[in-house]
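User: I'm new to this one. Could you take me through the part around the ligand, slowly, and then show me the sheet as well?

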Amino acid sequence: MSKTYEQLGITDLHAYYGESHILHGIDLHINRGELVTLLGRNGSGRSTTLKSIMNMVGRRTGSIVINGNETIETAPHHIARLGVGFCPEERGIFSSLNVEENLLLPPTVRSGGMSLDEIYDMFPNLYERRKSVGTRLSGGEQQMLALARILRTGANMLLLDEITEGLAPVIVQKLAEVLTQLKEKGLTILLVEQSFRFAAPIADRHYLMEHGQIVEEVKKDELESKKDILNTYLGV
Amino acid sequence: MTMIFGVPAAAFFGQLLLGLINGAFYALLSLGLAIIFGLLKIINFAHGAQYMLGAFAAYLLLNYLGINYWAALFLAPLIVGTIGALIERYLLRRITHIDHIYGLLLTFGLALIIQGLFTNLFGVSGNRYPVPSELSGGINLGFMFMPYYRGWIVAIAVVVCIAVWFLIEKTKLGGYLRAGTENPALMQAFGINVPLLVTLTYGFGVALAAFAGVLAAPIYSVAPGMGANLLIVVFAVVVIGGMGSIMGAIVTGLAMGIVEGLTKVYYPEASNTVIFLVMILVLLLRPAGLFGKEA
Ligand SMILES: Nc1ncnc2c1ncn2[C@@H]1O[C@H](COP(=O)(O)OP(=O)(O)OP(=O)(O)O)[C@@H](O)[C@H]1O
Ligand SMILES: [Mg+2]
């Protein structure tokens, strides 16, 4: 496995919801094992970018290559099978399933996923509440569940949408530790974040989005020198 | 003679059994409707026609191919369910992205076409289907005489309903169905072939209707209009139970059959309308239905 294997390559991606043209030519590249964030203000098109990768938007054009496969014409249910795990902004915990059923729901897409025991070790709360209805969990527990659910499948690229939104600092801290562990395991992560303070210490690179376009790319070691640009687009 | 609330026991239990039989059909049919509605969000107006197709499939299998009742019990649902799956794949799927009311219209149109076609081919009058020889005759229970075939209908309908409930509520496949009912887009993002799931689910709901049709063939006459009349009552049952609950559909179906049967004993004039009266009451007091989730 070479260090520069490109796991996700997006070129000139346009996305539409009905008549609204939301993404205007996105270019984005992630190598295997990288943790990359998409930063931007509300409505800048970050969730739409993730959903476009999953083919969950109305229409998309351009090119999205995942693990060497062009997927612009691929049906949504085949995308996960390329090793992609998606954690949506609204978490998507199923109220008709209990915690354990929620965990076991997504089919295995590759070998090497975490076992149920490993997941319960990582998230002891989920073990305690495994027989509870999924949506009866606290916000933090639901977020853990939404994340844990895709770790079981063996996906080696995770698309995570605002996983820290509205959570207590101690849980945010826990999530940062989990992401660091996953990165050490070699997983590729594309993280949509509102909180720059959460993203800065753990990410290798950042893409800044505005009005459905990527306006800047900032590497970890450029955080100081590009402080002004970050300020302009994020107000950090 | 033993009396129950002023009515001879034999009459009481006789009507109770008739009520249970009707209830068995209500339960099987509203179960199929609930499953289809859950995932496809359409009210399957062709359900009565598909029930009729099940009865006709059994009738045709017997008269043209010599295939007996027991085999028809499996084959007819399989054949009619496959037709259902094709209807979903080639007709309903085309209109999933527009208002679900079009699904209702499409299935309503299909029902009229299927019934018209069968009326042309076989006439309006019914055809007789014999009770399987293994189940002919009956037994005197002391308080009433019970034909074996009628007992069989109630027993097998309850067994099938519970099996379907188990399949949906307790198995992995059922978990896909429940989750797909809630959030099909996310299921698809997890790698589950939701369009296929939808096709199979519709086919399964239709197969349940056809199964009920085969059960009905020996006791009702096999006629093109047999499903249309029944479906109206079944819709009332569904409104009473509330959409979206599997157990609700089963329990309400059986209960409404019994209510109807007992009304026949104590106030026969109201027996044809009692379910609709219950429906009005439920709509007034609990619009989402007895087992439905309040919006
Ligand atoms: N289903 C939809 N139909 C039509 N327009 C949509 C839809 N979803 C999002 N949009 C629009 O697309 C634009 C980008 O939305 P998106 O959800 O990608 O933003 P975001 O960067 O994730 O911001 P946030 O999650 O903080 O709101 C917004 O203008 C939004 O109004
Ligand atoms: Mg978003």
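Analyst: Happy to. Let's start with the make-up of the shell around ligand 1: by class, there are two nonpolar, six polar and four charged residues. Keep in mind that this is a predicted model. Among the residues around the ligand are A:Tyr17, A:Ile22, A:Arg41, A:Gly43, A:Glu89 and A:Glu162. Helix 1 of chain A, residues 46–53, gives the largest share of that shell, with three residues.

Now zoom in on some side chains. A:Asn42 has a polar side-chain atom 2.5 Å from an oxygen atom of ligand 1. For A:Thr48, a polar side-chain atom also lies 2.5 Å from a ligand oxygen, and for A:Arg46 the distance from such an atom to an oxygen of the ligand is 2.8 Å. As for cover, ligand 1 taken alone exposes 630 Å², and the protein buries 60% of that.

On to the sheet. It's an open one in chain A, with six strands in the order 6-7-8-3-9-10 and mixed pairing. Strand 6 (84–87) and strand 10 (213–219) sit at the edges with a single partner strand each, so one side of each has no neighbour in the sheet. On average, neighbouring strands are turned by 15° against each other, ignoring direction.

Look inside the sheet next: strand 7 (residues 157–161) and strand 8 (residues 188–193) of chain A pair in the parallel sense over five bridges. One of the bridge partners to look for is A:Thr188 in strand 8, which goes with A:Met157. Helix 6 of chain A, residues 139–151, packs on this sheet and touches strand 6 and strand 7. The direction of helix 6 makes about 170° with that of strand 6.

Key. Residues numbered from 1 in each chain as written. Chains lettered and ligands numbered in written order. Predicted model: local features only at pLDDT ≥ 70, side-chain atom pairs only at ≥ 80, totals over all residues. Heavy atoms only, no water. Pairing = 2+ DSSP bridges. Helix = DSSP H or I, 4+ residues; strand = E, 2+ residues; numbered from the N terminus. Axes fitted to C-alpha atoms, helices over the stretch in contact; angles between N-to-C directions. Contact = heavy atoms within 4.5 Å. Near = heavy atom within 4 Å. Polar contact = N/O pair within 3.5 Å; in protein donor to acceptor, adjacent residues only side chain to side chain. Areas by Shrake-Rupley, 256 points an atom, 1.4 Å probe, with all protein chains shown as cover. Nonpolar A, V, L, I, M, F, W, Y, C, P; charged D, E, K, R; others polar.
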